[in-house]
Amino acid sequence: MKEEIRTKDQTKEDNNHLVISYISLRNLIGFSGMLLPIVLVLFNDCKVLCSISHYYYSEAGDILVGFMVLISTFLFTYNGYGGIWEKLCYVLTGLGALCVGLCPPSHELVCIDTIEQIHTPINHDLLGKFHFPGALVFLSLSAFITLFYFTKRDQITPIIKDKLWRNKNKRNIVYYICGSVIILSLIILGLYFFSSIEKPYSHYSSFVFIFETIAVWAFGIAWLTKGQTFFNDGEHYMKTGVKELKKSINLLNLNYNKQIKIVPN
């Protein structure tokens with residue numbers, strides 16, 4: 001009988017009765033990242049601002065706060081498989097996301113005209129100092145997690161070229177691409193800010209928003225891949241969900257038919 005390759009994730013998930021919820025958590029993180037820029041634009045009259053952060057002062061400000069708090073909560077509750085250091089990475093990444101959501105960017109760096117203190121009555125300038133460091137921690141640690149923890153393999157089981165192993169290879173390629181895209185986006189944004197110290201934002205430029213969106217989407221795709229939305233092992237969770245739904249419907253119909261007594265004429 002062929003020995004199957006097992007990654008650390010797969011080995012532990014096999015005996016985990018909450019595996020579906022665990023995979024769902026990964027996908028929730030991924031979908032949240034993918035939807036964030038799209039929802040912000042849609043709920044701000046389809047206007048693209050200079051930066052994702054600037055939506056804090058727009059009509060979509062509450063949505064930005066809600067999404068970032070949601071992402072941070074998901075990251076806080078995710079444990080991973082690498083022990084205390086991996087868990088620490090998720091906590092710090094969650095803290096970075098929380099700073100982005102709860103600490104508004106400084107007034108002088110925002111490109112839109114209507115600046116109002118809409119989310120917090122406390123010292124705005126003090127909170128503004130935590131916003132961009134939080135964003136940097138969030139994205140840089142996301143790249144580290146994607147490149148280092150998501151790509152880990154089981155070093156004990158011998159390598160066998162079966163379907164599971166091939167899918168793991170494909171997922172690793174996605175992780176390497178996504179992690180590299182996040183790092184490249186951060187480098188480009190860093191160079192842009194250093195070259196535009198006096199006026200980093202323009203009322204008519206969406207340069208920063210574009211590369212922030214690319215980085216956030218790379219973050220989302222990596223987590224969706226980790227949740228086996230792409231290159232899944234075994235049956236896809238959506239197919240399994242449809243089957244379970246059909247079973248539930250059939251069971252309801254069966255119970256309903258049992259309750260109905262057909263009386264012959």
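In the predicted model, A60 sits in the loop that links helix 2 (19-42) to helix 3 (61-77). Its relative accessibility is 0%, so A60 counts as buried. Beyond its neighbours within four places in sequence, A60 is in contact with L40, F43, N44 and Y55. N44 is 16 residues from A60 in sequence. In space, the C-alpha atoms of A60 and N44 are 5.5 Å apart.

The overall fold is helical. The protein contains 8 helices and 0 strands. The order of elements from the N terminus is α-α-α-α-α-α-α-α. Of the 265 residues in the protein, 45% are buried. Among contacts with a separation of 6 or more, 73% are between residues 24 or more positions apart.

Helix 4 covers residues 84-102. At 1.5 Å a residue, its 19 residues should span 27 Å. The C-alpha atoms at its ends are 26 Å apart, which agrees with that expectation. The buried residues of helix 4 are E86, C89, Y90, T93, G94, G96, A97, V100 and G101. These residues cover an arc of only 155° around the axis, and therefore lie on the same side of helix 4. I84 and W85 are exposed on the other side of helix 4.

E86 deserves a separate description. This residue belongs to helix 4. E86 is buried, yet it has no salt bridge. The nearest side chain of opposite charge is that of K152, 6.1 Å away. A salt bridge would need the charged atoms to be within 4 Å. The side chain of E86 does make a polar contact of 2.7 Å with the side chain of Y90. Y90 is itself among the buried residues of helix 4. With neighbours within four places in sequence left aside, E86 is in contact with G80, Y81 and Y149.

Helix 7 was examined in the same way. This helix comprises residues 207-226. Its 20 residues should span 28 Å at 1.5 Å a residue. Helix 7 is mostly covered, with 15 of its 20 residues buried. Just after helix 7, Q228 adopts a positive phi of about 60°.

Note on methods. Residues are numbered from 1 along each chain as its sequence is written. This is a predicted model: local features need pLDDT of at least 70, side-chain atom pairs count only at pLDDT 80 or more; totals for chains, interfaces and linings use all residues. Side-chain values use heavy atoms; hydrogens and water are left out. Helices (H or I, at least four residues) and strands (E, at least two) are DSSP runs, numbered from the N terminus. The expected span of a helix is 1.5 Å times one less than its number of residues. Buried means under 20% relative accessible area, exposed over 50%, partly exposed in between (1.4 Å probe, protein chains only). The arc is that of the directions from the helix axis to the C-beta atoms. Lys and Arg count as positive and Asp and Glu as negative; His and the chain ends are not counted. A polar contact is a pair of N or O atoms within 3.5 Å; within protein, one must be able to donate a hydrogen and the other to accept it, and residues adjacent in sequence count only if both atoms are side-chain atoms. Contact means heavy atoms within 4.5 Å.
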